[in-house]
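Biologist: I have just opened this model and would like a guided tour. Could we begin with a single residue and work outward from there?

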Amino acid sequence: MNYDQIFDQAIDRLHSEGRYRVFIDILRNKGAYPNARCFAGHNGPKPITVWCSNDYLAMGQHPKVVAAMEEALHDVGAGSGGTRNIGGNTHYHVDLERELADLHGKERALLFTSGYVSNDTTLSTLGKLLPGCVILSDELNHASMIAGIRNSGCEKRVWRHNDLAHLEELLAAEDENTPKLIAFESVYSMDGDVAPIHAICDLADKYNALTYIDEVHAVGMYGPRGGGISERDKAADRITIIEGTLGKAFGVMGGYIAADEKIVDCIRSYAPGFIFTTSLSPVLVAGVLASVRHLKGSSAERDAQQAAAATLKTMFRKAGLPVMDSTTHIVPLMVGDPVKAKKISDILLAEYGVYVQPINFPTVPRGTERLRFTPGPAHDEAMMRDLTKALVEIWDRLEMRLAA
């Protein structure tokens with residue numbers, strides 16, 4: 001058995017399909033986001049502008065967040081010292097869980113080391129706790145949700161994206177006594193569209209199903225206090241479990257769920273992905289705590305970010321660039337070819353100092369490869385004009401068609 005040959009062939013397949021992933025070596029400039037330094041392919045750091053960060057509101061740069069992390073570092077040191085059960089349950093963790101439960105109007109919240117882990121761990125544990133459970137999953141759900149559903153060992157039914165008629169058809173086909181869980185996202189980050197939360201909850205009520213919503217691309221971003229689309233649409237009280245991340249709009253790292261006391265206690269007590277892992281560093285938790293508290297009382301960052309996204313979409317459309325329809329802060333630009341998506345990204349970085357990552361299969365279906373822009377509060381109109389001109393030039397260079 002030639003093991004090296006097997007591994008070589010696996011990597012060669014990715015190269016031949018144009019979807020081999022390259023990590024760009026950068027450092028952000030504190031207090032000057034979206035400016036950063038790129039170390040890839042240069043003798044020294046090259047200044048660049050970041051257009052694809054999930055730190056949507058630049059809270060990772062916010063003075064309150066940085067100060068809170070520095071204070072915690074000097075107060076308690078770097079790490080937590082263990083799992084939540086053994087030495088790693090700091091007062092920072094307890095405070096943050098209270099803030100997150102309050103943010104979503106739930107009885108309890110539970111922290112995880114990432115949004116991926118919170119989805120995978122919670123969904124897999126729920127499926128094992130509910131005898132004979134059937135999980136109904138939107139076809140565009142994130143890989144972490146798909147992994148959790150698979151790891152639960154449950155029967156799975158995939159419903160067409162945001163298709164309520166198809167969801168009801170699948171629900172109606174199940175025995176009324178079968179435990180059912182509807183899993184979906186609020187904001188789908190690759191297309192930028194939103195789930196019809198109330199309508200999904202209506203079906204859940206009708207067919208006695210639990211609901212699980214992934215709000216990772218919405219917490220901090222929507223609602224008067226940053227509780228996400230479920231808060232904005234006044235639907236949080238109808239959702240059984242709300243899951244979110246601390247690494248996007250809140251600007252630091254981690255994941256969580258918020259639900260009633262019994263459900264959170266079950267996940268806390270049964271989930272291996274929670275029980276057997278070292279808890280988040282209190283330094284990180286202190287930063288998130290400052291971020292959540294700030295965004296509960298400030299909409300300035302949300303408003304500026306939404307304005308920036310709207311402006312960039314308008315500029316792209318006027319220039320004839322193939323910007324996809326999006327009702328959210330996500331600005332996806334359709335390319336439809338993995339090699340060209342990578343080529344455009346490479347030219348932008350090398351020649352224009354613009355960093356945007358190509359999004360290829362399996363993150364999106366084949367033939368829908370794209371560039372995904374996430375303008376933030378600090379991306380000004382001059383940056384957007386320069387970006388639009390660069391894209392138009394590259395589209396022309398690669399003989400790609402612009403809209404009339």
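Modeller: Let us begin with Gly320, which is in contact with Leu402 and Ala403, leaving aside its neighbours within four places in sequence. Please keep in mind that this is a predicted model.

Biologist: Where is Gly320 found?

Modeller: Gly320 sits in the loop between α12 (300-318) and β13 (331-334).

Biologist: Is Gly320 buried or exposed?

Modeller: Gly320 counts as buried, because its relative accessibility is 6%, and buried means under 20%.

Biologist: What separates the C-alpha atoms of Gly320 and Gly297?

Modeller: A distance of 39 Å separates those two C-alpha atoms, and Gly320 and Gly297 are 23 residues apart along the chain.

Biologist: Let us turn to Lys106. Where is Lys106 found, and is it buried or exposed?

Modeller: Lys106 belongs to the loop between α3 (91-104) and β4. Its relative accessible area is 15%, so Lys106 is buried.

Biologist: Which residues does Lys106 touch?

Modeller: Not counting residues up to four places away in sequence, Lys106 touches Ala101, Ala236, Asp237, Ile239, Thr240, Ile242, Ala258 and Ala259. With Ile239 there is also a polar approach: a polar atom of the Lys106 side chain lies 2.5 Å from the backbone oxygen of Ile239.

Biologist: How far is the C-alpha atom of Lys106 from that of Ile257?

Modeller: The two C-alpha atoms are separated by 9.8 Å, while Lys106 and Ile257 are 151 residues apart along the chain.

Biologist: Now a helix. Which residues of α9 are buried?

Modeller: In α9, which spans residues 261-270, the buried residues are Ile263, Val264 and Ile267. They lie on the same side of α9 because they cover an arc of only 95° around the axis.

Biologist: What is exposed on the other side of α9?

Modeller: Lys262 and Tyr270 are exposed there.

Biologist: And what covers the buried residues of α9?

Modeller: The cover includes β4 (108-112), α4, β11 (241-245) and β12 (255-259).

Biologist: What happens at the start of α9?

Modeller: There, a side-chain oxygen of Asp260 comes to within 3.2 Å of the backbone nitrogen of Lys262.

Biologist: Which residues line the largest cavity?

Modeller: Its lining consists of Arg84, His93, Leu111, Phe112, Thr113, Phe274, Thr277, Thr278, Ser279 and Leu280. By class, these are four nonpolar, five polar and one charged.

Biologist: Which helix gives the most to the lining of the second largest cavity?

Modeller: That is α13 (residues 338-352), with four residues. The lining of this second largest cavity includes Val22, Ile24, Lys342 and Tyr355, and by class it has six nonpolar, two polar and two charged residues.

Biologist: Finally, the pockets. What volume does the largest pocket have, and how many residues line it?

Modeller: The largest pocket has a volume of about 1400 Å³. It is lined by 49 residues, and those nearest its centre are Arg21, His142, Met190, Ile359 and Thr363. The elements that give two or more residues to this lining are β1 (26-28), α4 (115-129), α5 (143-152), β15 (358-359) and β16 (370-373).

Biologist: What is the lining of the largest pocket by class?

Modeller: It has 22 nonpolar, 15 polar and twelve charged residues.

Definitions and conventions: Residues numbered from 1 in each chain as written. Predicted model: local features only at pLDDT ≥ 70, side-chain atom pairs only at ≥ 80, totals over all residues. Heavy atoms only, no water. 1 Å grid on protein atoms, 1.4 Å probe; cavity = no way out; pocket = protein on both sides within 12 Å on 5 of 7 lines; lining within 4 Å. Points joined across faces, edges and corners; volume = space filled by probe spheres on them. Nonpolar A, V, L, I, M, F, W, Y, C, P; charged D, E, K, R; others polar. Buried < 20%, exposed > 50% of the residue type's maximum accessible area, 1.4 Å probe, protein only. Arc of directions from axis to C-beta. Contact = heavy atoms within 4.5 Å. Polar contact = N/O pair within 3.5 Å; in protein donor to acceptor, adjacent residues only side chain to side chain.
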